[in-house]
Amino acid sequence: METPGSQSSLHRANLERVVRAVRAAGSLTQAEIARTTGLSAATVSNIVRELKDLGTVDVRTVSASGRRARSVSLSSDAGIVVGVDFGHSHLRVAVGNLAHQVLAEEAEPFDVDASADQGFDRAEKLVGRLLSIAGVDRNKIIGVGLGVPGPIDVATGALGSTAILPGWRGTNPREELAARIGVPVHVDNDANLGALGELVWGSGRGSKDLAYIKVASGVGAGLVINGQIYRGPGGTAGEMGHITLDESGPVCRCGNRGCLETFTAARHVLPLLHASHGTELTMRRVVQLARDGDPGCRRVIADIGRHIGSGVAQLCNLLNPSRVVLGGDLAEAGETALGPIRDSVGRYAIPSAARQLTLVPGALGGRAEVLGALALALREMGEGMLLTPAVPPR
């Protein structure tokens with residue numbers, strides 16, 4: 001038994017510190033590990049050598065700033081994680097290893113009116129198909145990340161009452177999926193997972209504080225503070241779509257009037273174009289037409305951007321993020337959306353906060369949430385399980 005404060009317990013803590021840093025980033029050079037953990041270069045070198053012998057990490061030689069360096073990542077053989085993302089109209093699943101490599105990924109349409117049981121049955125089947133495609137056994141799964149479009153009660157894992165999926169209210173997605181797959185499931189809302197995906201793989205890399213804004217059937221913000229997702233005590237932090245813009249505006253699904261969502265979400269915006277463009281429009285199609293120069297679609301996208309900018313300005317005044325990442329289909333509109341967002345931020349945000357803000361489109365598109373689900377599974381996994389030899393030492 002290790003005695004707290006003993007040399008062996010300190011060594012164990014340092015091992016876990018290095019594994020935690022590598023797991024969060026995907027891969028780090030030994031110099032980056034030293035900077036991240038505060039450990040000396042010599043200590044990091046010894047720990048990496050030990051972890052490599054345990055089969056916990058892989059080490060390869062890379063070029064960093066024109067110099068040779070040793071890049072460290074979790075071993076691709078140490079286990080498998082699964083990401084599951086339910087949206088208003090899609091189900092996307094990805095299978096990855098601990099080295100942050102995506103082994104298989106697939107998306108399929110999903111009926112918003114389907115029951116939770118139907119949704120999780122389909123997710124289980126899709127997971128099985130992707131495991132077969134990736135050529136890995138089901139017993140290699142060590143964790144699952146799950147994204148749903150609505151607030152999650154942090155304590156219980158239950159889906160909140162303002163969720164986009166009407167038949168899922170009051171359900172516990174974490175318990176439902178865990179019962180089917182048989183491993184721990186970690187659940188969060190889609191905006192938080194989009195923020196995590198962009199933080200690890202996309203436009204948020206290198207940032208300690210950012211907001212990820214997703215505009216789809218609803219509007220949400222994933223908030224990253226000091227490198228960690230901020231959820232709030234009840235899990236409702238980032239519900240930016242319910243900022244009030246007009247107290248006499250349209251009634252929102254939350255019961256209030258004039259929420260940001262009622263001026264920006266697809267189901268409120270698309271009817272504005274039905275008379276001129278037909279009723280089969282999707283937000284993706286509107287963005288494409290706007291990029292092609294359609295004046296009506298460009299106007300609608302610009303108006304959405306202006307309203308989103310009002311919400312971003314409030315985030316700037318409250319949290320002063322250094323970076324805002326625009327996700328979802330709207331990110332593909334480029335400056336047609338980003339320009340009006342910047343204009344509103346410049347008008348409504350404190351000047352110093354506006355000057356410090358960098359606004360960028362997401363790099364991952366529709367994959368941000370499922371990759372964030374993979375990252376969630378990786379982050380929530382305990383370090384201890386990775387410090388047992390995966391294979392006999394050679």
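Buried residues are those under 20% relative accessible area, exposed ones are over 50%, and partly exposed ones fall in between, with a 1.4 Å probe and protein chains only. The model shown is predicted; local features need pLDDT of at least 70, side-chain atom pairs count only at pLDDT 80 or more, and totals for chains, interfaces and linings use all residues. Residues are numbered from 1 along each chain as its sequence is written, and side-chain values use heavy atoms, with hydrogens and water left out.

**View 1. Strand E9 and its two partners.** Helices (H or I, at least four residues) and strands (E, at least two) are DSSP runs, numbered from the N terminus. Two strands pair if DSSP finds at least two bridges between them. E9 is joined to strand E10 (residues 219-225) by 6 bridges, and the two run antiparallel. Leu-210 stands opposite Val-224 of E10, and 3 residues lie between the two strands of this hairpin. With strand E12 (residues 323-327), E9 pairs in the parallel sense over 5 bridges; here Ile-213 has Leu-326 as its bridge partner.

View 2. Val-219 lies in strand E10 and is buried, with a relative accessible area of 4%. Contact means heavy atoms within 4.5 Å. Leaving aside neighbours within four places in sequence, the contacts of Val-219 include Lys-214, Met-240, Leu-260 and Ile-308.

View 3. Axes are lines fitted to C-alpha atoms, for helices over the stretch in contact, and angles run from 0 to 180 degrees between N-to-C directions. E2 and strand E3 (residues 67-74) are joined by 8 bridges, and Val-62 stands opposite Ala-69 in E3.

**View 4. The packing of helices H6 and H14.** Helix H6 (residues 190-201) and helix H14 (residues 368-380) pack at an angle of about 80°, with their axes 7 Å apart. Angles under 35 degrees count as roughly parallel, over 145 as roughly antiparallel, 65 to 115 as roughly perpendicular and the rest as oblique. H6 and H14 are therefore roughly perpendicular to each other. Among the residues making the contact are Leu-193, Leu-196 and Trp-201 of H6 and Leu-371, Leu-374 and Arg-379 of H14. The contact residues divide into 11 nonpolar, 3 polar and 4 charged. Ala, Val, Leu, Ile, Met, Phe, Trp, Tyr, Cys and Pro count as nonpolar, Asp, Glu, Lys and Arg as charged, and the others, Gly among them, as polar.
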